[in-house]
Amino acid sequence: MRSSALDEDGGTASFAGQHETLLNVTGAAAVEDAIVRCWRSLDAERPRAYRAHRGLSVDGAGLAVLVQQLVAADAAGVVFSANPVTRRRDEAIVTASYGLGESLVGGTVTPDTYVVRTGGPGDPQIIDRRLGEKAVMTVPVDRGTAEVPVPAGLRARPAVPDAAILDAVRLGSALEQELGWPVDVECAWKDGTLYLLQCRPITTLT
């Protein structure tokens with residue numbers, strides 16, 4: 001269950017993490033309750049402060065609720081089709097960790113981080129790889145999610161193989177080409193299949 005405000009995910013404001021997101025909601029009554037909670041998050045203090053800081057209208061904003069099928073992911077990732085730190089357009093950045101993306105985007109886990117060269121002829125190429133501790137992961141539980149420890153034997157191993165990282169970079173590059181601006185993509189892997197979950201502009205580069 002994802003919230004998407006009318007002025008969200010634009011070229012100057014992303015609202016990432018500002019509004020309510022509810023995962024693994026089951027049953028009609030629970031879905032209805034989750035939709036209401038998402039709507040109510042529009043008027044929460046944090047997004048109102050974010051709007052005011054960005055010079056956007058605080059009152060009268062609208063919000064849609066997207067109901068998506070949950071991907072019970074083995075691993076999740078975030079792809080920047082351009083490097084948001086160095087601003088290089090010929091480099092992509094990928095972070096990846098085990099489980100659902102909640103721990104990754106919420107900042108409670110130190111993920112694997114890859115720098116991938118995308119410019120020039122040929123396929124993208126990993127030029128830097130740093131494996132994170134990946135101490136915790138978010139997993140589906142009965143009517144929700146929980147953050148649990150990653151088994152010790154998996155923490156020092158890559159959450160996904162190099163080929164999966166390059167597939168995610170190709171997805172980001174294709175979306176950038178289609179949309180016309182650098183993108184920030186949330187994705188997931190389940191049984192070796194890559195799933196696109198969300199795509200927004202990289203606000204620092206548009």
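## A buried arginine and its partner

Arginine 200 has a relative accessible area of 6% and is therefore buried, a word that stands for under 20% relative accessible area, with exposed meaning over 50% and partly exposed in between (1.4 Å probe, protein chains only). The model is a predicted one, in which local features need pLDDT of at least 70 and side-chain atom pairs count only at pLDDT 80 or more, while totals for chains, interfaces and linings use all residues. Residues are numbered from 1 along each chain as its sequence is written, and side-chain values use heavy atoms, with hydrogens and water left out.

The side chain of arginine 200 meets that of glutamate 186 in a salt bridge (3.7 Å, N to O), the term for a side-chain nitrogen of Lys or Arg within 4 Å of a carboxyl oxygen of Asp or Glu. This pair links distant parts of the chain, since glutamate 186 lies in strand E9 and arginine 200 in strand E10 (residues 193-201), 14 residues apart; helices (H or I, at least four residues) and strands (E, at least two) are DSSP runs, numbered from the N terminus. Glutamate 186 is also buried, with a relative accessible area of 14%.

Arginine 129 and aspartate 162 form a salt bridge (2.5 Å, N to O), joining strand E6 (residues 125-130) to helix H5 across 33 residues. Arginine 129 is partly exposed at 39% relative accessible area, and aspartate 162 is partly exposed at 32%.
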